[in-house]
Amino acid sequence: MEKMGLNEIREEFLSFFESKNHFRRQSYSLVPENDKSLLLINAGMAPLKPYFAGLETPPSKRMTTCQKCIRTGDIENVGYTDRHGTFFEMMGNFSFGDYFKKEAISWAWEFITEHLHMPEERLWATVYQDDDEAYDLWKNMIGLPEERIVRLGKEDNFWEIGSGPCGPCSEIYFDRGEAHGCGSPDCKPGCECDRYVEFWNLVFTQFDRDDDGNYSDLPHPNIDTGLGLERMACVMQDTSSIFDVDTVKYIREGVEEESGVRYCDGEADTDVSVRIVTDHLRSMTFMISDGILPGNEGRDYVLRKIIRRAVIHGRKLGITKPFLHELCGRVVETSGGAYPELREKEEYIRNVIRTEEDRFASTLNQGLSIINKYIEELSSGQGKVLDGEKAFKLHDTYGFPIDLTREILADAGMDVDYDGFVEAMEKQKERARTAQQMDDAGWNESLGEEVFSGETVFTGYEKHEDECTVLAVTKDDEFCRLSLDRTPFYAESGGQSWDTGYLYGDGNAVARVISVTKLNKVFVHKVEILEGAFAENMKVKAVIDSPRRNRTAINHTATHLLHKALRTVLGDHVKQAGSSVTEDGLRFDFNHYQALTADELARVEQLVNEKICEFIPVTTEVKPVEEAFKEGATALFGEKYGSEVRVVSAGNFSKELCGGTHVNNTGEIGAFKITGESGVASGVRRIEAVTGMGVLALCNRNEDVIRKTSDALKSNPDVLAEKAASVLSENKALRKEVEELKKAAMSEGLGSILEGAETIGDVKLVLRSFDDMNIGDLRGLSDEIKASEKGVIMVFASVSGSKVTFLVSVTDDLVEKGYHAGKMIKEIAAAAGGGGGGKADMAQAGAKDPSRIQDAFDKARNLLVL
């Protein structure tokens, strides 16, 4: 058996099944498509579930893939064993109602014996205990000796997950030899020892299980096989550890070079950290290439945990600088041929990792210091379990994922009160929920549900006014709330603000609609009664404020164009994280790892305006959700959609699932101008913009500012920038001149300052107050005195408005005698209502009461007398 590289094995496998008329598909993304049951793809067949379930038609009845996968359920084992990793590749061949057991078994045998040249005498097979068909195929068709065919029970060789399609399995094993065995005469596949390595699982999906546990034959049985690439490489390269496989080893060697730590085949204490960093580099690189960004929820949290865990273990190896963003290049080198997206996005991947490394570094040292303090406290007799509130503080304030905290504590033989941690997190969420439950009028939704029931039909897509019937009414001191059987008023949802307008009822009743919200399927209108009264079953005419609706619709369509423009300029990783659309403008939050450059903002703005000028028709369609996704419609992650959805399209440029109101043509937007870009959370950026008349209003405001500034500087607007730069330069030169004059005056006054010193014991005490002197100048003055004098303690105070800055400076000879500026200044500043600290030779502090400077000086005298 010749050694083969991991990349060579992958290509050999896929090419082999291509030769058997299988459709060869590139790996699916790690982000599941339309599968809310998974955070990340964790098995080769996971992306193919719609084909196996008959929900979608596969591109071919025969398929083969090598699927990138992430599993973190047993992340605590990674690094401690030879075979655990969070990232792995799963090769597979699949049949959707085409071939079955005979072909699956014969092709598997052909591949491993004729293409991988594995010795037949070291190959074993297991079958399900009742699967005589598979047993006979191995025995009679393949010719495998009966003593190397092992029947195992349901727990080992039958695949099923609850009700639905299921079936028996047949697994292929490689015998590593007696040296790896347990010595038992009955040692064979199924034994717990390391002698037999299972590397290929053939699943024969032939039954359908009902809810009562009964099995019936599927009319079209399927084949689903899984061959772990790293495990296969271990066999072909004669190694027991995935960290010694050629491609993984290359990454591992980079960790060794960066840290200066030598890997010792799992024998050294540092080997665990080397393995963890190596594995996590693979995971983070592939995850980011598929558009995942570090965050606090879902798969984003998984990525953040992986990066930060790698940083911690890098520290354990002595690496204190950011390094992961450099080593990820080794992952691209080894896997970029099979996964071209890695090469295409290499710079982007590096930037995301570096940003997260820098973000964690800002709190890492402080967090580690605190957790070490907690460990010391527990070690001193306070128990072995860290309080959940303290663990939550590490998570919330210092960015330590709870799993990371548990791992650090586990190294010290301790654990976390996890229930207490969850309780602390829930309390925080509850506080946030409570803050949002009441609106400005104290509206209680739980009471509203008792009053408002049924369903409101929204007619506002087609109409701006409609004839309606009042279903229910509630009143309080200021407002009424009422529901209608139908309404043209848009209720706040999907980031779009509500409509306003008027209701006209019988008997001259008139109400101004202030806001509209959804309560289940009912639209609740908050109104101010202007005339008359409204009652249940009353017929009313509902009329929205059309200009407001139109301006809001303009901004909503512009938001869709902005979303697409961001994805075009920045990349497909951009996903909507929130939005606000009103008549005055728009706000769009999205996932991105760093602030946009001026050039990127300009390109985004330019692209949106180009699409406005193209006068693209905006259309809406209601269609099955599966069809919408197939057409590439963008949806909000985590949002629940029904079987049918509303799709809003701006030609071929933008297509989103959306229930909001929009213009009929992009030209109606008029113009688009970005007014701000900022960060609102870790990995989330925000763009604010205006459109149409809002752009005109912005231009008018800016023109007014320019005019007033030009008048103040006595300049023509055309040369305002040059004039402002000239004034700033002149001002800077004047300030420098003033500072130099101050310093000269201070230097000339050194003699008088020292002449005014008070002698207390063996110390000359200088007490001096200044006006508007910065701390740098005070330090400079003290340094000049220290350069020529000994036995001096200086207490300087600088007054700036209502604030005081104190500086205490001690000459070196007095420091040696035990005088300490840092300790002195705490009491001196406290006398003036302030506080501070510092080193033995120099310290500074701030205070808020200039009238008490003399009290501070008196405290300085008293400290020396004592």
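**Reading helix packing in a predicted model**

In this predicted model, residues 24 or more positions apart account for 65% of the contacts in the protein with a separation of 6 or more.

Visitor: What does the secondary structure of the protein come to, and what share of the residues count as buried?

Guide: The secondary structure comprises 26 helices and 32 strands. Of the 866 residues, 49% count as buried.

Visitor: By what are two packed helices described?

Guide: The description rests on the angle between the two axes and the distance between them. In the present case, helix α7 (residues 246–259) packs with helix α8 (residues 271–289) at an angle of about 120°, and their axes are 9 Å apart. That angle makes α7 oblique to α8. The crossing of these two helices, α7 and α8, is right-handed.

Visitor: Which residues make the contact of α7 with α8, and how do they divide by class?

Guide: From α7 the contact draws on Val248, Ile251, Arg252 and Val255, and from α8 on Val274, Val277, Thr278, Leu281 and Arg282. By class, the residues of this contact are six nonpolar, one polar and two charged.

Visitor: At what angle do α8 and helix α9 cross, and what is the handedness of the crossing?

Guide: The axes of α8 and helix α9 (residues 298–316) cross at roughly 150° and come within 9 Å. An angle over 145 degrees counts as roughly antiparallel, so α8 and α9 are described in that way. The crossing of α8 and α9 is left-handed.

Visitor: Which residues of α8 and α9 meet?

Guide: On the α8 side they are Ser273, Ile276, Val277, His280, Ser283, Met284, Met287 and Ile288. On the α9 side they are Arg299, Val302, Leu303, Ile306, Ile307, Arg309, Ala310, His313, Gly314 and Lys316. The contact of α8 with α9 has ten nonpolar, five polar and three charged residues.

Visitor: With which residues is Arg330 in contact, leaving aside its neighbours within four places in sequence?

Guide: With those neighbours left aside, Arg330 is in contact with Tyr250, Ile251, Glu253, Gly254 and Glu257.

Conventions. Residues are numbered from 1 along each chain as its sequence is written. This is a predicted model: local features need pLDDT of at least 70, side-chain atom pairs count only at pLDDT 80 or more; totals for chains, interfaces and linings use all residues. Side-chain values use heavy atoms; hydrogens and water are left out. Axes are lines fitted to C-alpha atoms, for helices over the stretch in contact, and angles run from 0 to 180 degrees between N-to-C directions. Helices (H or I, at least four residues) and strands (E, at least two) are DSSP runs, numbered from the N terminus. Angles under 35 degrees count as roughly parallel, over 145 as roughly antiparallel, 65 to 115 as roughly perpendicular and the rest as oblique. A crossing is left-handed if the near helix is turned anticlockwise from the far one by less than a right angle, and right-handed if clockwise. Contact means heavy atoms within 4.5 Å. Ala, Val, Leu, Ile, Met, Phe, Trp, Tyr, Cys and Pro count as nonpolar, Asp, Glu, Lys and Arg as charged, and the others, Gly among them, as polar. Buried means under 20% relative accessible area, exposed over 50%, partly exposed in between (1.4 Å probe, protein chains only).
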